[in-house]
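Try each one yourself before you read the solution.

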Amino acid sequence: MELPVTAAVPDPVKDPRIVPVMFTGKGGEYFRLWIVNILLTMVTFGFYSPWAKVRNARYLHGHTQVDGHAFSYLATPMQLLKGRLKFLGIVLLLVIVASLLPKGLEPLLGVLFLVALPWLIQQSIRFSLRMTAYRNVCFSFEGRYVGVLVHFLVLPVVGALTLFLAFPWVTRRLHQYLYENIRFGGKPFTLELQTSYYYFVAFCCVGVLLGLMAFTMIVGGLLGSAIMGAAWAGVAAIGSLAAMVSGYLIGAVFMAMTRNHVLSTLRIDQVVAFQSRVTIRGYIVLSLTNVLLLVVTLGLAWPLTIIRSARYLAEHTSVVLYPGVDDLVNTVSGRDSALGEEAADLLDVDGGFALVN
Amino acid sequence: MSEQVLNGRFNEAGCSRIHQAQAFMADDRSVQILHAVSRAPLMLATSGQYRPGDNLPGLAQPLHFPDGALFTPDDIGFRWSGGQDGWVSMIERRWSLIVLAVLLVPLFVWLTLTVWIPALARASVPMIPEVVAQTLGQHTLATLDEVWMQPTELPAAQQAQIRASWQKTLQRLGYPEQRFPLLFRASSVGANAMALTDGSILITDHLVWLLDNDQDALLAVLLHELAHQECQHGMQQAVQAVASSVLYSLLLSDMEGISESLLGAGVSLAGNAFSRDMEREADARALWWLQHLGLSPQAFSRAIKALYLADGSLPDEEESPAFEFFSTHPGMQERIQAADSMGPQPD
C-alpha cells in the first residue's frame, strides 16, 4: 500500500518539531480505577491481580501522549498470570530444595541466587521495555548477561571498595549502559553523560545532607534549650524529622539533576531527542507534598500522588521529533514470557515508560 | 439501512505510520477503514475478526485488527460493542460502589490477615511432610544457638532429674517418653521456654532457676510448650508467615500504595493476634493436663506470675485492650484468671 503519510498534525516539513509531553490522567478517575482494582483483586483472592496490573498500566500509558499519540502497554493479563504461576512454581521448588538440603550447603542457594540475579535484572528490564509501545512500535533492551553483571553488581562493589569515592562514576556508567541498550523500532538510543556532572550531583547531595545536619544542630539546639532547657532533646526531635525528610530531599535533588542531564543528551539520530526542565525546587515540593498527602489520608491518596508526579514530569518535558519517527518499523515480535514481569516486580524496575514519564 | 461513520486514526501494522481515517460500520457489524483524504481502503474486517481494546476512563477505545493494525476514534467517549471490560468501567462510574470499595478494602485486608490466613495455616499444616518440620526445627535451633544461646550451666544431675520427671509426665499423658526431648541452654534473653517444630522443647537456665523451688510450676510451663507441640503451632506460624509474605509480594504488588500504608502494619498486628490466640489455646490445654495429672491449676498461675515479674511487669498492672493489640501474648491478668477459674485444688 503506497499512501501519503499524514501524522496527527499534517506537516510535510523535514525540520524537527518540538512537542510537549501531555499527561491527561485525572485524580478522581484514577482513584476509582485503583480502588476498584484493589477490591476486585481481594474478592477474587488475588486472581484478578494481572487484570488489575494491565488496566492500571494501560490507563497510565494511554494518558501519556506525545504529539497526540499515546503510549500503550502491550502485556496481556493471561501472559502475566502464566508468568506468575511459573514464578510461584520456581519459588516453591526452591523452598522444597532448601528444606531438603543437608546442613552446610545453604550458602549454595545464595550463590545460585547471585548467579541468577543479572539474568533476572536483564529479563525484567527487557520485559518492561518490550511491553511498552508508541505508535505501534515497541521499545526493547539489548543488554546481555555479562554487561548487566558488570554494571549492576561488579561496579557498585568496586565503588563501595573505594569508600564510595567512585560512586558517581559508577552511577554514570550504569545510566550510560542502561540507556545505550534501549532500542526503539530497532534503533539504538545514544547519549553522552559527563562523569564530572555526576560528581557535581554527588557534591550537591552531600551539601544538602550537611546543610540539613547543621540546620538540625542549630534549630534543634535553640528550640530545645528554649522550650525544655535541654538542647539535646531538641536536636533529637528535629533530627528524627530531618532524617525522614532528608531521604526525600536528597532523592529529589538526585532525580531532578540526573533526569535533566540524561534527557538532554539522550537521542535517536534522525528520530527523537528530549528536553527536560525539571527544577530541584519543583521536584522537592512535589515529593514532600506527596508524602504529606499519603500520611494525612493513610495511604488513600496514593493514586493522586501518581497522577501529580506524572503530570509534573510531563509538563517539564518536551520531545523533539524528526521526520524519521514516521517511518519506524516494529522489531519486537511480542509474545514474551512474562517471567520477566514477575522479576520486574520483584526488583522494582521501571521500564522505558520511565524515559519520558 | 444507515452506516455509522467515525473519524479517527489508523495505525498500520508493525510500523509507526499513521493515517487520518474514517471507519464505516455496516449493519452486519463488519468494519471498513478508509483513508480520510485519498479514500483508499486501509482495512476491511468482518464481525469477529476485530477486537475492541480496553474501556478506560478518559481514553478513546481502539479497535484491534488481527494483523496488529489499529483504529483509534477521535471521540474519546465512543465505545465499541462487544468489549470485555465494560462491567469494570461500570463499577468505576458508580459512586455508591466506590464508597463501598473504600470501606470494604480495609475490611478485606483485615479479614484476610486475621481469619483466612490463620485458617489456611491450620488446615495446611497436617499436610506438610514431617521432614519439613524436622528441618525447620534444626535450622531454628542452629540460628538460636548462634545468636542467643550458650551451653547450659545447669549441673548434669539437675538436668537428668528434670528430664526424668518430664519423661514420666509424658508417659502418664500417653506419649512416647522420647517424643518431646528437653534442650537446656543458658541465654541472655532471661527466663523463657520455646517449642521447636521438630518436637523438642528448649528451656533456659533462668527459667529453671526462677522456678527452682516449684516443680509443679516448671511442669506447667513445659505442659504449655507441649500444647504448642500438640497443636503444631510452630508450623502454623511458619505457614502464616510464608502465606502473608507471598500475599504481600505476589498478589498485592500492584497496589503499592495500600501495601505501604496499611498492610505493613496489618501483617504484624494480625500476626500478633494469631499468636495470642495460640497462647490462649496452649494455656487452656496445659491447665486441662494439670488437672488430668492431679495437680493444681494454681501451679500455672504461679509460673505466669513469676515469669511476668521477672520480665518487669507488676502483678496488679491492668493492660488496656489497645495495648494488647501490639502484643504477642495475652495479658498476665487474663492468663492468671483463666487458671484460677479452674477451681480449687483437686486434692
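**Exercise 1. Find H224(B) and decide: is H224(B) buried or exposed?**

Solution. Start with the secondary structure: helix α6 of chain B, which spans residues 215-230, contains H224(B). Bear in mind that this is a predicted model. Next, look at the relative accessible area, which is 6% for H224(B). Buried means under 20%, so H224(B) is buried. Finally, list the neighbours, leaving out residues up to four places away in sequence: H224(B) touches E279(B), A282(B), D283(B), A286(B), F300(B) and R335(B).

**Exercise 2. Describe how α5(A) and α6(A) pack against each other.**

Solution. Two packed helices are described by the angle between their axes and the distance between the axes. For helix α5 (residues 145-161) and helix α6 (residues 167-180) of chain A, the angle is about 170 degrees and the axes lie 9 Å apart. Angles over 145 degrees count as roughly antiparallel, and α5(A) and α6(A) are therefore roughly antiparallel to each other.

Now look at the residues that meet. From α5(A) they include H151(A), F152(A) and L155(A), and from α6(A) they include W169(A), R173(A) and Y177(A). Sorted by type, the residues of this contact are 11 nonpolar, 3 polar and 1 charged.

**Exercise 3. Trace the sheet of chain A: which strands stand at the edges?**

Solution. First write down the order of the 10 strands, which is β7-β6-β5-β4-β3-β2-β1-β10-β9-β8; the sheet is open and its pairing is antiparallel. The edges belong to β7 (187-188) and β8 (267-268) of chain A, each with a single partner strand, so one side of each has no neighbour in the sheet.

**Exercise 4. Which residues touch the most other members of the largest nonpolar core?**

Solution. This core has 41 residues, and the answer is V66(A), F139(A), F184(A), F189(A), V272(A) and V319(A). Its largest share, 4 residues, comes from helix α4 (residues 107-130) of chain A. A second, separate core has 39 residues, among them L154(B), L170(B), L219(B) and L222(B).

Conventions. Residues are numbered from 1 along each chain as its sequence is written. Chains are lettered from A and ligands numbered from 1 in the order in which they are written. This is a predicted model: local features need pLDDT of at least 70, side-chain atom pairs count only at pLDDT 80 or more; totals for chains, interfaces and linings use all residues. Side-chain values use heavy atoms; hydrogens and water are left out. Axes are lines fitted to C-alpha atoms, for helices over the stretch in contact, and angles run from 0 to 180 degrees between N-to-C directions. Helices (H or I, at least four residues) and strands (E, at least two) are DSSP runs, numbered from the N terminus. Angles under 35 degrees count as roughly parallel, over 145 as roughly antiparallel, 65 to 115 as roughly perpendicular and the rest as oblique. Contact means heavy atoms within 4.5 Å. Ala, Val, Leu, Ile, Met, Phe, Trp, Tyr, Cys and Pro count as nonpolar, Asp, Glu, Lys and Arg as charged, and the others, Gly among them, as polar. Two strands pair if DSSP finds at least two bridges between them. A nonpolar core is a set of buried Ala, Val, Leu, Ile, Met, Phe, Trp, Tyr and Cys residues joined through side-chain atoms within 4.5 Å. Buried means under 20% relative accessible area, exposed over 50%, partly exposed in between (1.4 Å probe, protein chains only).
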